Amino acid sequence: MSTKSPTAKMRSLADDLRRRSDAELREFIRLRPDTVDPIPADIAELASHASSAGSARRAIDGLAAPHLRMLTMLSRASQPATCAAVPVAADQQAQALEIVQQLWDAGLAWGTRPTSAECEVNIVTAARDALAEAGDPGDGTPLDLAMVPITSVPLSLSKTLDGQGGQHALAAVTTVAAIAEHWSVNPPSCLKAGGLAVRDLNAVSELIGTDELTAAFWIELAAQARLIGREDSQNAFFAPTVYYDTWRLLDPGHQWAPIAAAWLRMDRDVDGMTSGVGERLSVLGEVPAHAWRPELRAAVLQLLDEVPVGEVCEFPELLAALAVRRPRAQVDRVRFMAEATIREADLLGIVARGAMTGLGRALIDHRVREEQLAAVASSILPPVAEEFVAQADLTLVVPGPPSPALRQLLNLVADVESTGGAAVFRVTPESAARALAGGLSPADLITELKTKSATPLPQPLEYLINDAARRHGGVRVGAANAWISSDDEALIAAMLTHPQATELGLTRIAPSVIVSTAGGDALLSFAASLGHIPTLVGDGGESIAVTRPAHRAPDPMQTVEAGIDEVFVVALATALRRSELDEPPGISIAAPHELPRMPTAATAQVLRRAQTTQTPVWVGYADNAGSMSRRLVDVVAADGGAISAFDHSHGRIRTLVLSRITGAVLADDVNLPPIDEDYDTAKERQ
């Protein structure tokens, strides 16, 4: 086992990346996340990605004005170039060297890390080509590398900033849950051309009490966070995903974290879905995606993060500072993304009154993982409410985010009237009948409400439930193709004379019994259309609870966003470093005698645990010919139906299809004496 010689002459960016320390390699991956999508097999491929024209142009577009000026001058000089060759004011020499070091960190310059103005660096060819048409900055005069300072003013009541952000974050979680719960019972159909109909968008807008643009934002964000999705069938519709059932049981802090992380990645044109200019786009439909959106969003958030705590940067000053930090970006794009970012960040609690909250500062810190972000959110968001306040106007006010058990009860017995810091639910005759049809008796329902109410139940609420109970069960429907019975013979006679009687095939077989050729569902709808609240009766005469079906869409696979998760950065850098060994090391980690066969979902769970804990894992894998082998791998990332992992037997990063992995066992769970190498992997290497 040996690595490339450190004394060999450096000839390319690949040689440079090989000689960088682990910390420097990780920093390069953070600064150039596009170079690891798709994940490279080795450092040579990583350098190839970074040297491409598209990647270099994207890195240049993210440079601030001083960095762009310095890079342009270095690219015009003979290669290799030195920092000393660039005319800079005497008081900015140290800043010039720091800028060159930052260009080296980002892989736009390669060579030995510059530690003085005389150190030579090479500007990558793609960067020189991208800047070939730019004019010479300064025309021989010293460059001005000064950065426009951020102008800010003290913020009044700054100590309440995090509290306000927590309230907004809570409202965001409640709003997303309200949309998902509504679509669980009333899933909107998917248009033939794809996307959501305007009437369904308007229905969501009315549900959450906001305008179309904000409603479109919440819907798109819920889809980005994998909480709602499309159910592809003959009559496709949108509904909560299977993942939503897990998410809805979490506390609000752990619910907010994946939503906020998903917002950082959003690249779809939400504003174009509601604007009247040009062709209107469909929410959840085929919408153009632009890489500059998340990049400029991150730039706005980074600038807000530089503002001292307790102060705020006014919008004109914010635009002026952004123009210096993104000089190559279009002016209208910068203004548009600044406005959209602040508006959306305010809805999520990331920004409040134009200033970054504690939630926002934690969100953009690359060292903070999603679990840590959830912990920060849990400490800032208001505590979970276990009780509500019942009022005489039949409303139930929840002073805070309801717990999962309380939300389940409220969704059953009441309808959402408003969301926010204090959500309001209203009990109506229809919602009370819905709760009774769900299997609760009137006494049980009243007892449940008394248990969760912080105040005595008002009499009007008990009267409403008891009145619904008197009408409940007055009509009984049997599902034996099918029958209706009622103690009210006049009611039976009225049904027989109804215009739908012939269509339903109604026949009276007793003074209080009608049989039908239609099914029980049709008779339930028929009785309900006449204003009755029927009960469904089983074959043994017992009452069967009539519940509303909960629609679910398939759970989309979660993809790893390169450069965001610190675990991913460390795992990839480690795997790339190992791939540079001349020979793969022998496997000295104990292998199991037999790998269990596992369902794909269980295997994916083990692999996620291996990736999170950075633990080697043994997997059983079937190749194209159907041959089985055991492999020891270090999971780097999971993307759709495959994983990228460092294969110890091959000494390089490989892609393994998840459906071909028959089972997985963490190396720490194997209690066997170590062996030099597994027989299967040794045979495969031969």
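Two strands count as paired if DSSP finds at least two bridges between them, and this definition applies to the strands of the predicted model shown in the following views.

**View 1. Strands S22 and S23 form an antiparallel pair.** Strand S22, residues 642-647, and strand S23, residues 652-657, are joined in the antiparallel sense by six bridges. Within this pair, Asp647 stands opposite Arg652, which belongs to S23. The two strands form a hairpin with four residues between them, and in this hairpin Gly651 takes a positive phi near 70°.

**View 2. Strand S3 pairs with both S1 and S2.** Strand S3 covers residues 120-123, and two bridges link it in the antiparallel sense to strand S1, which covers residues 81-82. Here Thr82 is the residue that stands opposite Glu120 of S3. Strand S2, residues 109-110, also pairs with S3 in the antiparallel sense, again over two bridges, and Ala109 has Ile123 in S3 as its bridge partner.

**View 3. Four strands make up an open sheet with antiparallel pairing.** In general, the strands of a sheet pair through backbone hydrogen bonds, and the pairing may be either parallel or antiparallel. In this sheet the strands follow the order S10-S11-S13-S12, and the edges are strand S10 (389-390) and strand S12 (415-418), each of which pairs on one side only. Strand S10 runs antiparallel to strand S11, residues 395-398, and two bridges join them; in S11, Leu396 is the bridge partner of Ala390.

Methods. Residues numbered from 1 in each chain as written. Predicted model: local features only at pLDDT ≥ 70, side-chain atom pairs only at ≥ 80, totals over all residues. Heavy atoms only, no water.
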